[in-house]
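User: I've got a new model open and want a quick walk through it. Can you take my questions as they come?

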Amino acid sequence: MTYPLARRVYDTCHLTGRFRLRSGQVSEEYFDKYLFEGQPDLLREVAEAMVALLPDCDVLAGMEMGGIPLATVMSQLTGLPTVFVRKHAKEYGTSKAAEGGPVDGRRVVLIEDVVTTGGALLASCGQLRSIGAQLETVVCAIDREQGGRENLAAEALQLRSALTRRDLVASLMA
């Protein structure tokens, strides 16, 4: 992690106010990841930091919706195939929870933008594991440090984060 990257991300996506998070928690600050994901140079820089955290794997799995741009850029940087993970399997067409190539028997790393408690990740990891994915690692852009790492660890999942809330705040002092 470099403080210049943390500062750029903080300056681009940190908002204050009153925000309800996916976890249901209410926060006075919010990291609007779509603000950095919409900036090609910053998206690539964050994706490069995330690529450095990847274990040996066969497939990247981008979480709907914010994990998809990150996984796509990471795929371009590494040459690894990518699948796109829905929050819920669609009820029409192929009815898949993971779109793209196969994951059965493959070492899959789940890619997410921001992790708070990890609730949505746990559900998606369960879906991927149920269709044969070998999944032990989640790589995220920002860990809000609000229990996600511990909740994932309880399900034998390691969280690796390019940036943490602590990094973002510390970058203001650097």
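Predicted model: local features only at pLDDT ≥ 70, side-chain atom pairs only at ≥ 80, totals over all residues.

User: How confident is the predictor, going by mean pLDDT for the protein chain?

Analyst: The protein chain averages a pLDDT of 92. 95% of the residues score at least 70.

User: Where is confidence lowest, and where is it highest?

Analyst: Strand E2, residues 26–31, is lowest, with a mean of 88. Helix H4 is highest, at 98.

User: Now the sheet. What is the strand order?

Analyst: E5-E4-E3-E6-E7-E8. Those 6 strands form an open sheet with mixed pairing. The edge strands are E5 (98–100) and E8 (158–164), each pairing on one side only. On average, neighbouring strands are turned by 25° against each other, direction ignored.

User: Which helix packs on the sheet, touching E6, E7 and E8?

Analyst: Helix H3, residues 40–51. The direction of H3 makes about 140° with that of E7.

User: Let's zoom in on E3. How many of its residues are buried?

Analyst: 5 of its 5 residues, spanning 59–63.

User: Which of them point which way?

Analyst: Val-59, Ala-61 and Met-63 point one way from E3. Leu-60 and Gly-62 point the other way. Both sets are buried. In general, side chains in a regular strand alternate between the two faces of the sheet.

User: What does E3 pair with, and in what sense?

Analyst: E3 pairs with E6, residues 107–115, in the parallel sense over 4 bridges. Val-59 stands opposite Val-108 in E6.

User: What unit do E3, H4 and E4 make?

Analyst: A right-handed β-α-β unit, with H4 covering residues 67–78.

User: Back to Met-63. Why does it count as buried?

Analyst: Because its relative accessibility is 1%, and the cut-off for buried is under 20%.

User: What does Met-63 touch, beyond residues up to four places away in sequence?

Analyst: Arg-22, Ile-68, Val-85, Leu-110, Ile-111, Glu-112, Ala-120, Leu-121 and Ser-124.

User: And how far is Met-63 from Ala-52, C-alpha to C-alpha?

Analyst: 19 Å in space. In sequence, Met-63 and Ala-52 are 11 residues apart.

User: Over to the other side of the sheet order. How do E7 and E8 pair?

Analyst: E7, residues 134–143, pairs with E8 in the parallel sense over 6 bridges. Ile-142 stands opposite Leu-163 in E8.

User: Where is Thr-137 found, and is it buried or exposed?

Analyst: Thr-137 is in strand E7. Thr-137 counts as buried because its relative accessibility is 7%.

User: What is Thr-137 in contact with, leaving aside neighbours within four places in sequence?

Analyst: Pro-55, Val-108, Val-109, Leu-110, Leu-157, Gln-158 and Arg-160.

User: Last topic, helix H1. Which residues are buried there?

Analyst: Leu-5, Ala-6, Val-9, Tyr-10 and Cys-13, in a helix that runs over residues 3–13. They cover an arc of only 130° around the axis, so they sit on the same side of H1.

Note on methods: Residues numbered from 1 in each chain as written. Heavy atoms only, no water. Buried < 20%, exposed > 50% of the residue type's maximum accessible area, 1.4 Å probe, protein only. Helix = DSSP H or I, 4+ residues; strand = E, 2+ residues; numbered from the N terminus. Arc of directions from axis to C-beta. Pairing = 2+ DSSP bridges. Right-handed = clockwise from strand over helix to strand, strands pointing away. pLDDT = per-residue confidence, 0-100. Axes fitted to C-alpha atoms, helices over the stretch in contact; angles between N-to-C directions. Contact = heavy atoms within 4.5 Å.
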